[in-house]
Amino acid sequence: EALFNLGAKDPLTGEQISNYQKLNTDSPLGDLIQISQYGEVISQQVLDYEQIREISFSVSAIAGSPGQERISEAHITLLLTDVNDNAPVFSQAGYSVELNEDVLPLTPVVTVQATDADTGDKGKISYSLQGEGINEFMIDETSGVIQVKPGSLGRSNLDREWVESYNLRVIARDMPGGGSDQKSSTVIVKVNLLDKNDSPPQFSQSR
């Protein structure tokens, strides 16, 4: 892949140089770059900022006829910039927890964690819940802590007699400010409710 073209002029004729040559380098990273005769700077592979931050190499521009060459050398350093090319990765493929149905609101359930190989805001992660269980649970968008959500009467909305388990869909997004390059990943947290003796006996008929 051609990254850019070198440009130099012959100070005697004012003409553009069309003969370039890469010089030997002691840096193994320098071998990732090749120079065509006409000054194209070519990458031998896709450059990944998470693996390579900069590449240095030297090149000569050659003017004049054979036997009367005039040579100028330059040292070039390529500084790579990060792009958002990595999605968040959760530390586990899935989570499973058990929870008493009578727990108090704001009780911590589990903490999910994801990491992102990108740097800066591109590597910052925010968490959210989507779909099933959003009325019963909530998640801290920064820490990934899932808690029992308070109901309208100050109690939780959990009741095993109605719902025995939840599959919570947790989404981790990078670039919290959003943008077209934002990436996301999803993990399922299965919450099984444990029964408590909260239902009194009922007679089949009354007199």
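**Note on strands, pockets and salt bridges**

1. Asn 100 has Leu 194 of β15 as its bridge partner. The model is predicted: local features need pLDDT of at least 70 and side-chain atom pairs pLDDT 80 or more, whereas totals for chains, interfaces and linings use all residues. Numbering starts from 1 along each chain as its sequence is written, and side-chain values use heavy atoms, without hydrogens and water.

2. Strand β8 covers residues 95-100 and strand β15 covers residues 184-194; strands are DSSP runs of E, at least two residues, numbered from the N terminus. The two run parallel and share 6 bridges, where pairing requires at least two DSSP bridges. Besides the contact of Asn 100 with Leu 194, Ser 96 has Lys 190 as its partner in β15.

3. Tyr 95, Val 97 and Leu 99 make up the covered face of β8. Ser 96, Glu 98 and Asn 100 make up the uncovered face. Both Ser 96 and Asn 100, from the uncovered face, have named bridge partners in β15, Lys 190 for Ser 96 and Leu 194 for Asn 100.

4. β8 and β15 belong to an open sheet of 4 strands, ordered β8-β15-β14-β11, with mixed pairing. Its edges are β8 and β11 (125-130), each of which pairs on one side only. From one strand to the next the twist averages 30 degrees, taken between lines fitted to C-alpha atoms in N-to-C direction, on a scale from 0 to 180 degrees.

5. An open sheet of 3 strands has antiparallel pairing and the order β9-β13-β12. Here β9 (108-111) and β12 (137-139) are the edge strands, each pairing on one side only. Neighbouring strands are turned by 25 degrees against each other on average, with direction ignored. Within this sheet, β12 pairs with β13 (residues 145-148) over 3 bridges in the antiparallel sense, and Ile 139 is opposite Ile 146 of β13.

6. Met 138 sits in β12. With a relative accessible area of 26%, Met 138 is partly exposed; buried means under 20%, exposed over 50%, and partly exposed in between (1.4 Å probe, protein chains only). The C-alpha atoms of Met 138 and Ser 18 are 64 Å apart, and the two residues are separated by 120 residues along the chain.

7. β5 and β6 form a hairpin with 6 residues between the strands. Gly 64, in the turn, has a positive phi of about 95 degrees.

8. Of its 18 lining residues, Ala 8, Ile 17, Ala 61, Ser 72 and Glu 73 lie nearest the centre. (A pocket is an open set of points on a 1 Å grid where a 1.4 Å probe fits, with protein on both sides within 12 Å along at least five of seven lines; lining residues have an atom within 4 Å of a point.) The lining divides into 11 nonpolar, 3 polar and 4 charged residues, with Asp, Glu, Lys and Arg counted as charged and Gly among the polar ones.

9. The largest pocket has a volume of about 290 Å³, a volume being the space filled by probe spheres set on the points. Its lining has 14 residues, and those closest to the centre are Glu 101, Arg 155, Ser 156, Asn 157 and Leu 158. By class, the lining holds 5 nonpolar, 4 polar and 5 charged residues.

10. How many salt bridges are there? The count is 2, the rule being a side-chain nitrogen of Lys or Arg within 4 Å of a carboxyl oxygen of Asp or Glu. Asp 10 pairs with Arg 70, with the closest N and O atoms 2.3 Å apart. This pair links distant parts of the chain, 60 residues apart: Asp 10 is in the loop between β1 (2-5) and β2 (20-22), and Arg 70 is in β6. Asp 10 counts as buried, at 6% relative accessibility, whereas Arg 70 is partly exposed at 33%.

11. Lys 124 forms a salt bridge with Asp 121, and the closest N and O atoms are 3.2 Å apart. Lys 124 is partly exposed, with a relative accessible area of 48%.
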